[in-house]
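Please look over the sequence and the model before reading on.

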Amino acid sequence: MFQYSEYIYEIYKKKSFSKAAKSLYITQPALSNIIKKVEDNLNVSLFDRSTSPIKLTPAGEYYIKALEKVMKIEEETKRHLDAISENSKNSIYVCCSTFFCFHVMPELIKIFKESNPGISVKLIEVNANEFEDSVNSGFANIGITVDEINKDKFNIYDWIEENIVLAVPKNFKVNKKLKKYGLSFEDVKSGDYLSDKYPAVSLSHFSEEPFLFLKRGNDMHTRGLNMCKDAGFYPNILMYMDQYQTSYALAEQGRGIIFTRASITKYESPTKELIFYKIDDDNAKRMIKIFCSKKSEKDSVEKFIDYLTKD
């Protein structure tokens, strides 16, 4: 179907048989004969030779669109296989969310490389539903996620227990009646809020308030819904977003309430635009996990995981 496609595409780009022949380093008669053979096999004409410059026929337009799709697939496949090939060398690819790519991992990688200069660690940003496929296919060596991972396919390591808090725009009236529960940015950042002297709030107080949620398929989406359900209501969700950082920025602008990882306070600038609340629900704790393929034979992968999970 796509035999001699590079010749056809070159004619399409140059809009001339003679110019295409020159760039392909063949004679024009030879090129014309090749294209005629392809057209005979397909039983259609791809080019309208009666115009100058030549144009595609309707069949030719369809062929080129199909060819470009094939070329795109070939390009993506090559990139993917190149990454797998690179992984076979002394490189580690780690797939994680935007938050970890941007905030958490760069400093950890920097410290690791100081004692392991021969190992290259690179980050791949992926969405929540791409973690297992990325590691299983060999596109990445290691995944970092809060989602459930198939224990039969992967070696899984508990890494960090993470706390989820509620972030409420300071101008929301509900804050006035909940002053004894309200936490500042500094309370959360220091970890003081975990002390028993800071009471947890029932989410039922926020049943009438507008929420901002991450899209379905994200762990924070599922946990948020479960926590609201445990408090006896379904949240009034104004917007669904792809990126966690976007929801945080919008909450800071006063758009709505969000469920947020407490550790965000270590990476964002201090703000007085949000009031934070400790949540009275088991879903407000989750484990961040590191996983790799059970088939992995790279010593560098084991070394990096040991480095991340050491006390």
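This is a predicted model: local features need pLDDT of at least 70, side-chain atom pairs count only at pLDDT 80 or more; totals for chains, interfaces and linings use all residues.

Leu225 belongs to helix H8, which covers residues 219-230. Beyond its neighbours within four places in sequence, Leu225 is in contact with Phe213, Tyr234, Pro235 and Ile237. Leu225 and Asn283 are 58 residues apart along the chain, and their C-alpha atoms are separated by 10.0 Å.

Arg223 is also found in helix H8. Its relative accessible area is 15%, so Arg223 is buried. Not counting residues up to four places away in sequence, Arg223 touches Ile164, Asn283, Lys285 and Arg286.

## Arg286 in strand E11

Arg286 sits in strand E11, residues 285-293. Its relative accessibility is 4%, so Arg286 counts as buried. The side chain of Arg286 makes a polar contact with the side chain of Asp219, at 2.8 Å.

Which residues is Arg286 in contact with, leaving aside its neighbours within four places in sequence? They are Val146, Ile160, Glu161, Glu162, Ile164, Asp219, Met220, Arg223 and Arg261.

## Nonpolar cores

The largest nonpolar core has 66 residues. Within this core, the residues with the most contacts are Met105, Leu166, Phe206, Phe259 and Phe304. Helix H5 (residues 98-115) supplies the largest share of the core, with seven residues. A second, separate core has 18 residues, among them Ile8, Ala20, Ile34 and Val38.

Met105 touches Cys96, Phe100, Leu123, Ile144, Trp159, Phe304 and Leu308, when residues up to four places away in sequence are not counted. Phe304 is one of these, and Phe304 is listed with Met105 among the residues that have the most contacts inside the largest core.

## Helices H5 and H10

Met105 also takes part in the meeting of helix H5 with helix H10. Helix H10 covers residues 299-309, and its axis comes within 11 Å of the axis of H5. The two axes cross at roughly 115 degrees, and H5 and H10 are therefore roughly perpendicular to each other. The crossing is right-handed.

On the H5 side, the residues that meet H10 are Met105, Leu108, Ile109, Ile111 and Phe112. On the H10 side they are Lys303, Phe304, Tyr307 and Leu308. In an α-helix there are 3.6 residues a turn, so residues three or four places apart point the same way.

Helix H1 (residues 5-14) packs with helix H2 (residues 17-24) at an angle of about 125 degrees, and their axes are 8 Å apart. H1 and H2 are therefore oblique to each other. H1 passes H2 in a right-handed crossing. From H1, Tyr7, Glu10, Ile11 and Lys14 meet Phe17, Lys19, Ala20, Ser23 and Leu24 of H2. The buried residues in H1 include Ser5, Tyr7, Ile8, Tyr9, Glu10 and Ile11.

H2 also packs with helix H3 (residues 28-42), at an angle of about 105 degrees and with the axes 9 Å apart. That makes H2 roughly perpendicular to H3. In this contact H2 provides Phe17, Ser18, Ala20, Ala21 and Leu24, while H3 provides Gln28, Leu31, Ser32 and Ile35.

## Backbone details

Most residues other than glycine have a negative phi, and most peptide bonds are trans. Which positive phi does Lys15 have, although it is not a glycine? The value is about 60 degrees. Lys15 lies in the loop between H1 and H2, and its 44% relative accessibility makes it count as partly exposed. Asn43 is not a glycine either, and has a positive phi of about 65 degrees. Asn43 is in the loop between H3 and E1 and, at 69% relative accessibility, counts as exposed.

The peptide bond from Ser52 to Pro53 is cis, with omega near 0 degrees. Pro53 is part of the loop between strand E1 (47-48) and strand E2 (55-56).

Terms used. Residues are numbered from 1 along each chain as its sequence is written. Side-chain values use heavy atoms; hydrogens and water are left out. Helices (H or I, at least four residues) and strands (E, at least two) are DSSP runs, numbered from the N terminus. Buried means under 20% relative accessible area, exposed over 50%, partly exposed in between (1.4 Å probe, protein chains only). A polar contact is a pair of N or O atoms within 3.5 Å; within protein, one must be able to donate a hydrogen and the other to accept it, and residues adjacent in sequence count only if both atoms are side-chain atoms. Contact means heavy atoms within 4.5 Å. A nonpolar core is a set of buried Ala, Val, Leu, Ile, Met, Phe, Trp, Tyr and Cys residues joined through side-chain atoms within 4.5 Å. Axes are lines fitted to C-alpha atoms, for helices over the stretch in contact, and angles run from 0 to 180 degrees between N-to-C directions. Angles under 35 degrees count as roughly parallel, over 145 as roughly antiparallel, 65 to 115 as roughly perpendicular and the rest as oblique. A crossing is left-handed if the near helix is turned anticlockwise from the far one by less than a right angle, and right-handed if clockwise.
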